[in-house]
Amino acid sequence: MKPGAFLKALGASLWTTDPQRVAKQYLWGGFLFLLVGGLLAMLIRFQWAWPGQPVPGLAWALPESKGALTPPAYTAVFTMHGLLMIFFAVTPLLFGALGHFVLPLAIGSPRMAFPRLSAFGFWAYAVGGALMLASFGVRLGAASAGWTSYPPLSTPAFTPGLGQTLVTVAVLCVGVSAFLYGLNFVVTVVRCRAPGMTWGRLPLVVWGLFYGAVLNVLFVPVLAAATGLLLLDRVAGTQFFIAGAAAVGGGGDPVVYQHLFWLFGHPEVYILILPAWGMVGDFVAFFSRKPAHGYRLTAGAMGAVTALSGAVYAHHLFTSGMAPVLGRTFMILTLLISLPAEVMFLNWLMTLWRGSVRLTSPMLAALATMIVFGLGGITGLALGAVATDVPLHGTMWVVGHFHLTMGAASFLAVFAGLYFWFPRLYGRTLHEGLAKAHVVSSAVLFIAVFGGQLVAGYAGQLRRLYDPYQYTFLEHLLTLNRWTSWAAFLLGAAQLLFVVNLVRTLKWGRASESNPWQVGTLEWTDAGPAPVVLRGPHELSQPEVQRQLGRDWIGQAEPLPEEVPAVVPSAKVEVAV
Amino acid sequence: MSTNDPTGTLPSASPQRAEANLWFGMVLAHAAAVMLFCAVAFAADFYRMRGFWPPASALPGRFIPSVAGVLLVTGGALLHGALRYASRPRSARAWLLGVLGAGAGFLATQAAWLHVLWWYRDLRIPDSGVFASVLYGLSAVQAAHAAVVLTGVLRATVRILRGSEARAPLRRALPGWWCTTVMYGVLFAVVYLP
């Protein structure tokens, strides 16, 4: 190939507007940052198990301390772990990869509403990711103000150097990316559904992606405002969040940043979990071979959570000097949001009840998502109520809680989606045994690791401590933390099961069947480029379908041989019958 | 396995449908811009409530900012006129040139006013504390939004000058224009009123 033609082909493959290729770009980007963020997590766990001891194999990066994490290195490690995992791994994997892949296919649209926005979005994400990685190499190190980047820690007085600034710009870039795909998803779902694909026939995962996208459009700009103002404080000398002795001419207030950050940050939890809930709802129905129980109620409950998610953020500020009346208001709103979540859980359980349950890898991952999110949700109640939040705030309890909800549940949902759609994405079948082993071991170890954090937090261990055992009252937690760290290392090792499975399948995997899970949603049933949708996504085990087709599923756009065309009014159907 | 349109041979969405998609997308983008602006305005209000604000006597004058506001409102009214005559390029041209003049005038007035505040009234960052930060921060966000909307009007004007139909881009620009006008109203209330 001539160099010019090669460059042209390379450019075309990098600047692609095909949603499925964009999905693959996000997938590999997400995996890269999942790897980096995961390795940083191992370093944190090593530090809590053997504080200040040299980490085997890290002497090349920290030669002065012979591989031991110094306090500044430790703060940079946990900061970058959080930022990479939330903004550059899990969110892009759920929305950028699975969202771009499944959304147009599942609604019967040939493409996204704005294909070029998909490409712009990916490249904004890629630039942000490059800045994150570059920040490791600058003088004074990477960002170290925690993943929330709270001022005054994140202002130049406390985190001088380019690292924190690069990371702030990187978060802005990934915000642009999230906003662009959010806008694209909303317009695609509202405007580009196939004929007959009514709101009541959307797969639940599309509902989840849609609601999450709405939250992205509304609340990512608030994050942009917070990080934009922080960036101005860092580079232009403004005083938005600088207070006290560091301020000039009066200064501002760091608490404003907390308000702005959590006005985005709490909906972000739901941005991550809404698509996961959608997947759970769909997969539980698919693999119980039953219609989803209370489909409309589930979709409505997801909508209620979406609507409430912007009104509960201030429970993160209970200990920031909030007026008691506001504290009570936000406590009630926070506890209220658990009601629609309960409705969803009950619907999933009712779907499972007396179903012909098939414990496939996506189903196991969906069930694991339910369990870890349930644990995360229950432990969150203690943080939603003022009286219990005050003693638990800032402890490892908070860390265990949000890792169960945002980390473990989203991670398992990503793998549920990946195992489910991989045959459609790459045309090959992953090894089911390895996949099941990966899901089950990950779920058990997640509970062990984050359960250990909950226990440590309940015992009073504060989060982010470099050496918790310098406090006498925490010395007895060393054994617990060591066991938790071993569980974390095993969890990291368990991911090799997925890596082996992925490499093996991409290299030697057999071609998949056209509809390996035997479900009727449009992405599996090859309904053609312009399908007309006739029914909902979970039409499973219907007696009439079994009688006419001899199977327990039917495509959303597939007419029954004896079915009167859908365009004929029902009155005429009765006459014809 | 690929998309529903693996060969890329499906016809694109009809112009009307594509235009409706674009209009909806623009509305969402403006909603996002409003959220961003409201977040900054919320911060400003927080500082006012906490008393980090100069006394009324020390606030900068309101005459030139009011002129800038009037220019924006005038531009919005002219844009309605341009939209009305969009199918008659000759008539629309005059209206659009008025819109562009008003928009450019607004940006120039703002730039000149901020220049005066910085250099001649010593309202500088960081010496003037959070008030100056809010003033320049809100102004920058609003001006960026106004510049984007003005670029849209400029593109529509070029289309009309070339004899093309420009009703659709003008329709898209209209909510953006009023959005930026409301933003300026909020900015004015937060920064210039005691």
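User: Why is Arg547(A) called exposed?

Analyst: In this predicted model, Arg547(A) has a relative accessible area of 52%. Exposed means over 50%, buried under 20% and partly exposed in between (1.4 Å probe, protein chains only). Because 52% lies over the limit, Arg547(A) is exposed. As to conventions, residues are numbered from 1 along each chain as its sequence is written, chains are lettered from A in the order in which they are written, and side-chain values use heavy atoms, without hydrogens and water. Local features need pLDDT of at least 70 and side-chain atom pairs pLDDT 80 or more, whereas totals for chains, interfaces and linings use all residues.

User: What makes Glu544(A) and Arg547(A) a salt bridge?

Analyst: Their side chains meet at 2.6 Å, N to O. A salt bridge requires a side-chain nitrogen of Lys or Arg within 4 Å of a carboxyl oxygen of Asp or Glu, so this pair qualifies. Both residues belong to helix α17 of chain A and stand three residues apart, about one turn of the helix. Helices here are DSSP runs (H or I, at least four residues), numbered from the N terminus. Glu544(A) is partly exposed, because its relative accessible area is 37%.

User: Which side chain meets that of Arg551(A) in a salt bridge, and why does Arg551(A) count as partly exposed?

Analyst: The partner is Glu558(A), at 2.6 Å, N to O. The relative accessibility of Arg551(A) is 25%, so this residue counts as partly exposed.

User: How do you know that the pair of Arg172(B) and Glu19(B) links distant parts of the chain?

Analyst: These two side chains form a salt bridge at 2.6 Å, N to O. Arg172(B) is in helix α5 (residues 167-191) of chain B and Glu19(B) in helix α1 (residues 15-49) of chain B, 153 residues apart. Arg172(B) is buried, because its relative accessible area is 16%; Glu19(B) is buried as well, with 16%. Elsewhere, Arg289(A), Arg358(A) and Asp552(A) are joined into one network by salt bridges that share partners. Over all chains, the count comes to seven salt bridges.

User: How much area do chain A and chain B bury between them?

Analyst: About 3400 Å² is buried, 68% of it on carbon and sulfur atoms. This is the accessible area (1.4 Å probe) that the two parts lose on being put together, summed over both. The contact (heavy atoms within 4.5 Å) takes 45 residues from chain A and 36 residues from chain B.

User: What does the rule find as salt bridges across the interface of chain A and chain B?

Analyst: One salt bridge is found there. Asp253(A) and Arg50(B) meet through their side chains at 2.8 Å, N to O. On the side of chain A that touches chain B, several helices each supply at least two residues, among them α2 (19-49), α6 (204-235) and α13 (396-426). The largest share, eight residues, comes from α6(A).

User: Why does Ser410(A) count as buried?

Analyst: Ser410(A) has 0% relative accessibility, so it falls under the 20% limit. Ser410(A) is in helix α13 of chain A. Leaving aside residues up to four places away in sequence, Ser410(A) touches Val90(A), Leu94(A), Leu272(A), Ile273(A) and Thr405(A).

User: Why is Gly550(A) called exposed, and where is it found?

Analyst: Its relative accessible area is 64%, and therefore Gly550(A) is exposed. Gly550(A) is found in the loop between α17 (543-549) and α18 (570-576) of chain A.
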